Amino acid sequence: MMQEPSQTSSQAPSREGARFVELNNHAFADARQVHEFLARELGFPAYYGHNLDALSDCLGDIFTPTTIRIRRTWHQDAWFRAIAAVIRDAGRRNPRLDVR
């Protein structure tokens, strides 16, 4: 069953099983919510540690072509900036991960 697009995710399989996930900094109250969202949307393993190191590891292990769009407004909390930096770094290291 396909999910309705929401403020935080418009993940939808496209050609060849590619995924699209959108992060909006105003849609999350704290880092824990972002980690839970990414774990669910990207299918991270049950042992995912919900921290920046674990996020980097799991993003590096993505094999399905995936696009993550980071939508930011002028004001961002430090925790969101840190998560976004990890995602951008993983996008530079993993050719299957496109970060916009």
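## A salt-bridge network

Glu22, Arg69 and Arg71 are joined in a network of salt bridges, a salt bridge being a side-chain nitrogen of Lys or Arg within 4 Å of a carboxyl oxygen of Asp or Glu. This is a predicted model, in which local features need pLDDT of at least 70 and side-chain atom pairs count only at pLDDT 80 or more, while totals for chains, interfaces and linings use all residues. Residues are numbered from 1 along each chain as its sequence is written, and side-chain values use heavy atoms, leaving out hydrogens and water.

Let's look at the partners. Between Glu22 and Arg69, the closest N and O atoms are 3.3 Å apart. This pair links distant parts of the chain, with Glu22 in strand 1 (residues 19–24) and Arg69 in strand 2 (residues 66–71), 47 residues apart; strands are DSSP runs of E, at least two residues, numbered from the N terminus. For Glu22 and Arg71, the closest N and O atoms are 3.9 Å apart.

## Buried or exposed?

Glu22 counts as buried, at 13% relative accessibility. Arg69 is partly exposed at 29%, and so is Arg71 at 41%. Here buried means under 20% relative accessible area, exposed over 50%, and partly exposed in between (1.4 Å probe, protein chains only).

## Another pair

The structure holds seven salt bridges. One of them joins Asp98 and Arg100, whose closest N and O atoms are 2.7 Å apart. Asp98 is partly exposed, with a relative accessible area of 29%, whereas Arg100 counts as exposed at 57%.

Key. Helices (H or I, at least four residues) and strands (E, at least two) are DSSP runs, numbered from the N terminus.
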